[in-house]
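Please look at the structure before going on.

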Amino acid sequence: MVGFARMGWLSTTDNNKSSKISDEANKMGILAFETAKIMSRLLCLYKSLSDSEISKLKTEMKSRGVAYLNSKDEGFLLSLACAERLEDLDKAAAAVARLGHKCNDFGLNRFDLVYTDLKLGIIDFGKLEYGSKEIEKRVDKMEKLINATSGLYAALENLTELEISERKMKQWKERKASGQLQKVNLDMFNQRLEQQRKQVRQFREISLWSQTFDKSVGHMARIVCIIYARICLVFGPYIPVLPFLSLRNMRSSQQKEILKVQPENCLIEPIREQIISRSGPIPTTSKPTLVRFYSRKSIFFLCEDEGFGSEKLAKNNRVFHAAGPSTVGGSGLALRYANVITLVEKYSNPSEAVDVNSRENLYQMLPGNLKRTVRAKLSRNLKCMDEDESLAEGWRDALKHIMEWLAPMAHNTINWQLARNLEKTKFDIKPSVLLLQTLHYSDKEKTEAAIADILVGLSCICKCENRQWSES
């Protein structure tokens, strides 16, 4: 086990005793952009575990869409949320460990072992508590570094474009005689180019580009530890393999409060000392104490023999692939159904024109079984509408009611996919959508029934409004 007592990055004060020569050789340089993305991922995780975000998550779990399509079991939904957050943390920690190989500090150089021991061994957090002033200052500092590195990335892109233009202008100048007007334009361009280079130099000075590996990785390693402790604190009652607060030395009122949120079938492994946090739904004490972790595996989707050191941990996306064949995500239809729902939402606007091509494209997005269901329902309802036109008003109300809870699920599905596709190019620190808030774990039969209803409802409304939808 790595000796945590010797790890300067885990102390409450920064260690600035390294030599300037060592610092110069240890600067991040071009790896600043990869580091900024990892850092932004960690801050996104950190912010997603705040009191307000956890409260918001619990509220969304009770929303009609999640409750009807996914599950009403709060413990199950929280276990999904915990599993996804832990998997995201594992991936971020693996990236931190790779950068840690370039550090001089032994603990950072072997952060893969440190992270493994975090789940199995002992670590003294001292004053490093979630939401504490010291951690919030560090988070603010990391945000500034991310913003500066993002600014550097944009400045370098602009500089590249200007340098390409400069080469083209030089070629053009060699081919044509230069007059007074061309000379003035060239001078203005050169001035702009020099200003852009100056901006790049300024961003390099204040961004991660000029930071040392030890300092930058130290920031991230500390946040990894805090995030893991926070996850254990918030989700401990619902995940048997996670550590939970010890009830020893607590007042009876605090014990009762904890037991209120603990599921009956939750087998909690004993912890010698309790996890401390100044914020969160769990009561706290005044003194920070020792934290012991006895979590043998990261999430309940992982096999017992899969450790942190394995690259499988970062690549398998077990939470994503845990959706069964009876779910929308397990059938590979989550994004397609989300796009169908958002198109129906768009076409349900009376001012939106629905031509034959739009109708055909939407229809072709449906799998064969759903096409047959929609065709059968549509045939019955259009015949009824010929006899009673007041049915259109009923469909209008039904469509509005269904879309109130179905559309947010569709938007969350698209946003989840976009966040994963763009995480390699964006430096975003906003809390991300969880899979339990999307259509991924939704019951396929219920989802398809809801989609069939909104398509039939849209068709009936379009016919009533003399739009082209009902011509087929």
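Q: Which residues have the most contacts inside the largest nonpolar core?
A: This is a predicted model, in which local features need pLDDT of at least 70 and side-chain atom pairs count only at pLDDT 80 or more, while totals for chains, interfaces and linings use all residues. Residues are numbered from 1 along each chain as its sequence is written, and side-chain values use heavy atoms, with hydrogens and water left out. A nonpolar core is a set of buried Ala, Val, Leu, Ile, Met, Phe, Trp, Tyr and Cys residues joined through side-chain atoms within 4.5 Å. Buried means under 20% relative accessible area, with a 1.4 Å probe and protein chains only. In soluble globular proteins, nonpolar side chains tend to be buried together. Here the largest core has 109 residues, and Leu42, Leu89, Phe111, Met220, Ile227, Phe235 and Leu406 have the most contacts inside it.

Q: What is Leu42 in contact with, leaving aside its neighbours within four places in sequence?
A: Contact means heavy atoms within 4.5 Å. Leu42 meets Leu89, Ala92, Val96, Met220, Ile223, Val224 and Ile227 in this way, once neighbours within four places in sequence are left aside.

Q: How many residues does the second, separate core have?
A: That core has 5 residues, including Leu382, Trp395, Val456 and Cys460.

Q: At what angle do the axes of helix 2 and helix 5 cross?
A: Helices are DSSP runs (H or I, at least four residues), numbered from the N terminus. Axes are lines fitted to C-alpha atoms over the stretch in contact, and angles run from 0 to 180 degrees between N-to-C directions. The axes of helix 2 (residues 32-48) and helix 5 (residues 74-100) cross at roughly 150° and come within 10 Å. Angles over 145 degrees count as roughly antiparallel, and helix 2 and helix 5 are therefore roughly antiparallel to each other. Among the residues making the contact are Ile38, Leu42 and Leu45 of helix 2 and Arg85, Leu89 and Ala92 of helix 5.

Q: Is Arg85 buried or exposed?
A: Arg85 lies in helix 5 and counts as buried because its relative accessibility is 6%. Not counting residues up to four places away in sequence, Arg85 touches Leu45, Ser48, Ile231, Ser432 and Leu434. Arg85 and Leu45 are 40 residues apart in sequence, yet 7.1 Å apart in space, C-alpha to C-alpha.

Q: Which residues of helix 5 meet helix 7?
A: Leu89, Asp90, Ala93, Val96 and Ala97 of helix 5 meet Phe111, Asp112, Tyr115 and Lys119 of helix 7.

Conventions:
Helix = DSSP H or I, 4+ residues; strand = E, 2+ residues; numbered from the N terminus. Parallel < 35°, antiparallel > 145°, perpendicular 65-115°, else oblique. Buried < 20%, exposed > 50% of the residue type's maximum accessible area, 1.4 Å probe, protein only.
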